[in-house]
Amino acid sequence: MPTVNGSPDSFPKSSPSATPPSTSSIPDTRTPYTIPTTAKTSLSEPFVAKPMTITISDPQKHAEAQGAFVSYLITTHTTLDTFSSARPRPVRRRFQDCVWLHNALMLEFPACIVPPLPEKHRLEYIKGDRFSSEFIERRRISLQWFLNRISRHPELQQSQCTRVFLESADFVRVIKKPDERFVDMKETVDKLEDNLNTVERLYSRIGKRQIDLQQDYNSFATSIQGLSAMETNIASQLNEFAETTQAYAKAMSEMNRDEDLLFLNDVHELLAYCHAAKATLRARDQKQVDFEELSAYHHRTAQERDRTKHPGRNLDGGLNISELVTDKINEVRGINMERARREKLARLDRKVKELESEVARANDESNAFSEQVIKEYEIFDQAKTEELKQGLVAYADSHIKFFETGVSVWESILPTLESMHIDDVDRDA
């Protein structure tokens with residue numbers, strides 16, 4: 001297993017509490033797949049990954065107000081020029097960060113076989129204490145497999161999401177300039193989902209009571225039938241009354257069945273529709289985050305190029321003493337600093353141009369995705385209103401049908417009950 005100089009604790013680490021954006025759900029409708037410009041290949045070119053080694057080690061437990069979690073030290077060695085160096089500083093990541101990387105790659109490369117995460121592929125070993133040494137080691141080994149497979153994939157290893165995951169010191173990836181339109185959309189969908197969950201919970205409570213009531217009516221009918229064995233002179237009337245009670249219980253059962261089929265199923269479908277809408281909104285957020293991240297990366301690269309053009313000076317025009325001293329030391333060691341600077345400047349110029357096209361592409365994709373989401377939300381808003389109306393109408397119709405049937409059932413027994421007479425002899429006695 002590869003190692004790097006210095007202990008893990010000597011490296012700068014990202015905040016243990018940092019969490020990636022919630023992209024645990026990927027939308028069902030995806031944009032047509034195109035190979036990213038950073039990883040385009042032709043059939044005549046070898047589809048081979050560049051050398052890359054990722055090591056996951058040193059699990060540590062952290063406690064927060066929101067709960068405890070385990071982070072892992074991730075060290076990367078690579079020859080990819082998309083990274084800041086061949087040996088980026090080790091970073092700490094938690095399992096949820098790996099979930100973010102998996103979902104981001106699924107969204108970016110829908111035609112690729114993205115490696116599965118542990119526990120999404122097999123769940124057998126998730127038993128007992130998830131903070132036990134055995135569980136943590138099993139998870140570490142599984143995550144190592146996950147990262148190894150990414151490192152061996154020619155496209156996944158070059159993804160900007162992979163680069164950010166492996167070398168970004170600040171992994172709190174949130175939208176810096178949120179669009180209020182989509183914030184309002186998400187809040188509306190969240191409120192609708194909460195209300196639907198409440199409706200489902202209360203409906204289930206009502207349904208349980210109705211089932212208990214049906215059983216009580218059937219028990220009541222059985223008791224009436226028991227009376228007929230004792231009251232032989234009115235046995236037929238009692239049996240008919242018992243049958244009427246059973247018919248009423250059956251009508252109630254049919255009402256519950258219709259409610260489940262037409263109303264409860266409608267609520268479930270609306271909840272699934274909300275989940276799909278939220279997934280699409282998260283995907284739009286991811287597009288914007290990708291654009292902002294690329295823009296920031298382009299800005300940092302351009303700044304590094306400017307510093308290389310003017311060695312020994314900061315961007316504000318002041319002297320950079322440490323850089324001047326480093327250059328002098330390298331010159332004493334026999335390094336041709338002018339030649340090295342020209343080579344680095346040429347490499348940075350190429351990188352800035354590549355990133356300019358990447359930023360433009362990401363901006364176009366983000367804008368196009370946002371425009372499509374606005375149209376999709378309008379369709380969602382209209383459809384959920386119509387479907388909610390249909391569900392409520394079905395609920396009302398099932399109750400109207402039940403009460404009409406109940407009136408008919410009880411009216412049918414009235415002539416039988418009115419025909420019951422007490423003999424004069426019995427009255428005199």
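# Notebook: helix packing and selected residues

I began with K176, which touches E292 and A296 when residues up to four places away in sequence are not counted; contact here means heavy atoms within 4.5 Å. K176 has its place in the loop between α3 and α4 (180-228), and at 62% relative accessibility K176 counts as exposed. For the cut-offs I noted that buried means under 20% relative accessible area, exposed means over 50%, and partly exposed lies in between, with a 1.4 Å probe and protein chains only. I also looked up the pair K176 and E293, which are 117 residues apart in sequence and 9.8 Å apart in space, C-alpha to C-alpha.

Before going on, I wrote down how the entries are to be read. This is a predicted model, in which local features need pLDDT of at least 70 and side-chain atom pairs count only at pLDDT 80 or more, while totals for chains, interfaces and linings use all residues. Residues are numbered from 1 along each chain as its sequence is written, and side-chain values use heavy atoms, with hydrogens and water left out.

**The whole chain**

I next looked up the secondary structure, which comes to 8 helices and 3 strands. Helices (H or I, at least four residues) and strands (E, at least two) are DSSP runs, numbered from the N terminus. Along the sequence the chain follows the pattern β-β-β-α-α-α-α-α-α-α-α. The chain has 429 residues, of which 40% count as buried. Among the contacts in the chain with a separation of 6 or more, 77% are accounted for by residues 24 or more positions apart. The chain exposes about 25,200 Å², and carbon and sulfur atoms supply 54% of this area; accessible areas come from the Shrake-Rupley method with a 1.4 Å probe, and for residues only the protein chains shown count as cover.

**Helix α1 with α2**

Two packed helices are described by the angle between their axes and the distance between the axes. Axes are lines fitted to C-alpha atoms, for helices over the stretch in contact, and angles run from 0 to 180 degrees between N-to-C directions. I found that helix α1 (residues 95-108) and helix α2 (residues 133-151) pack at an angle of about 30 degrees, with their axes 12 Å apart. The two helices, α1 and α2, are therefore roughly parallel to each other; angles under 35 degrees count as roughly parallel, over 145 as roughly antiparallel, 65 to 115 as roughly perpendicular and the rest as oblique. The crossing of α1 and α2 is left-handed. On the α1 side the contact is made by F95, C98, L101, H102 and L105, and on the α2 side by R139, L143, F146, L147 and I150. By class, the residues of this contact between α1 and α2 are 8 nonpolar, 1 polar and 1 charged. Ala, Val, Leu, Ile, Met, Phe, Trp, Tyr, Cys and Pro count as nonpolar, Asp, Glu, Lys and Arg as charged, and the others, Gly among them, as polar.

**Helix α1 with α3**

I then turned to α1 and α3, whose axes come within 9 Å and cross at roughly 165 degrees. That makes α1 roughly antiparallel to α3. From α1 the contact takes in D97, C98, W100, L101, A104, L105 and E108, and from α3 it takes in C161, T162 and F165. The residues of the contact of α1 with α3 divide into 7 nonpolar, 1 polar and 2 charged.

**Helix α3 with α5**

For helix α3 (residues 160-167) and helix α5 (residues 235-309) I noted packing at an angle of about 70 degrees, with the axes 11 Å apart. The helices α3 and α5 are therefore roughly perpendicular to each other. Q160, C161, R163 and V164 in α3 meet D290, E293, L294, Y297 and R300 in α5. The contact of α3 with α5 divides into 4 nonpolar, 1 polar and 4 charged residues.

**Three further residues**

I looked up K351 in helix α7 (residues 337-418), and K351 is buried, with a relative accessible area of 10%. Leaving aside neighbours within four places in sequence, K351 is in contact with D81, T82, Y297 and T301.

R257 has its place in helix α5 and counts as exposed at 52% relative accessibility. The C-alpha atoms of R257 and S398 are separated by 9.2 Å, although the two residues are 141 residues apart along the chain.

My last entry is D58 in strand β1 (residues 52-64), which is partly exposed, with a relative accessible area of 27%. Phi of D58 is near 50 degrees, a positive value in a residue other than glycine.

Methods
A crossing is left-handed if the near helix is turned anticlockwise from the far one by less than a right angle, and right-handed if clockwise.
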